[in-house]
Amino acid sequence: MEDTASLWRTDPTTFRDVVINRQALEAALEGDCPPVERVRYLALLGRDAEALDQGFKLLPHSPDRRELLLVLAQIHQRQYRWHDAAVLHEKALRTVRSPEEEAYVRHHIARRLFDEARFRAAADEFQWAADLYRVADQPDLAEENRQAMRHALHVHSADQGAGRSAYELS
């Protein structure tokens, strides 16, 4: 299977996942694709109903429960189902056993908050993730989250400077 970096990436400005190579994603689904990646790829291709159906069927038996919960949360997030995504994020938090695992979940929570236009709250979660990654001796991931925090604060400041609440929809 192809390296996932050639299939999709996370946009550093919006924190949303974007497809780079649609045909390769579709081909990966036809091949020997691990179950969690299958759900992720279906979602990336916009096949949300199918992804949710397969994901929730896998959930009770998945050895990678945390990652599957995060993928399912992202699907709800893309559908603007913030509460459903938050519930899945909380379930994912209950699976963590180390600061690094918690940092990873906090990073995903921050991405959802940013998507909800809750930029200040997103910055706080990115900072929390950065601190946890620092404790876990993951300096590159800590720095990545500090940069995300600064970006969220910048967007928050710009949003506030525009004279409207960060919670207003445009």
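User: What average pLDDT does the chain have?
Analyst: This is a predicted model in which local features need pLDDT of at least 70, side-chain atom pairs count only at pLDDT 80 or more, and totals for chains, interfaces and linings use all residues. Residues are numbered from 1 along each chain as its sequence is written, and side-chain values use heavy atoms, with hydrogens and water left out. The term pLDDT is the predictor's confidence in each residue, from 0 to 100. Of the residues, 92% score at least 70, and the chain average is 92.

User: How many residues of helix H6 are buried?
Analyst: Helices (H or I, at least four residues) and strands (E, at least two) are DSSP runs, numbered from the N terminus. H6 covers residues 99-115 and reaches 24 Å from its first C-alpha to its last, close to the 24 Å expected, where the expected span is 1.5 Å times one less than the number of residues. Buried means under 20% relative accessible area, exposed over 50%, and partly exposed in between (1.4 Å probe, protein chains only). H6 is mostly covered, and the buried count among its 17 residues is 13.

User: Are helices H2 and H4 roughly parallel or roughly antiparallel to each other?
Analyst: Axes are lines fitted to C-alpha atoms, for helices over the stretch in contact, and angles run from 0 to 180 degrees between N-to-C directions. H2 (residues 35-44) and H4 (residues 65-78) have axes 10 Å apart and pack at about 10 degrees. Angles under 35 degrees count as roughly parallel, over 145 as roughly antiparallel, 65 to 115 as roughly perpendicular and the rest as oblique. H2 and H4 are therefore roughly parallel.

User: How many residues of the contact of H2 with H4 are nonpolar?
Analyst: H2 brings Val36, Val39, Arg40, Ala43 and Leu44, while H4 brings Glu67, Leu68, Val71, Leu72, Gln74, Ile75 and Arg78. Ala, Val, Leu, Ile, Met, Phe, Trp, Tyr, Cys and Pro count as nonpolar, Asp, Glu, Lys and Arg as charged, and the others, Gly among them, as polar. The contact of H2 with H4 has three charged residues, one polar and, as nonpolar residues, eight.

User: Are H4 and H5 roughly parallel or roughly antiparallel to each other?
Analyst: The axes of H4 and H5 (residues 82-93) come within 8 Å and cross at roughly 170 degrees. Among the residues that meet are Leu69, Leu70 and His76 in H4, and Trp82, Leu88 and His89 in H5. By class, this contact of H4 with H5 has eight nonpolar, three polar and three charged residues. From the crossing angle, H4 and H5 are therefore roughly antiparallel.

User: Is Phe15 buried or exposed?
Analyst: Phe15 is in the loop between strand E1 (8-10) and strand E2 (17-19). Its phi is near 65 degrees, a positive value in a residue other than glycine. Most residues other than glycine have a negative phi. With a relative accessible area of 7%, Phe15 is buried.

User: Is Tyr80 buried or exposed?
Analyst: Tyr80 lies in the loop between H4 and H5. Phi of Tyr80 is positive, near 65 degrees. The relative accessibility of Tyr80 is 55%, so Tyr80 counts as exposed.

User: How far apart in space are Gly46 and Arg78, C-alpha to C-alpha?
Analyst: Gly46 is in the loop between H2 and helix H3 (48-58), and at 54% relative accessibility Gly46 counts as exposed. In sequence, Gly46 and Arg78 are 32 residues apart; in space, their C-alpha atoms are separated by 9.6 Å.

Definitions and conventions: Contact means heavy atoms within 4.5 Å.
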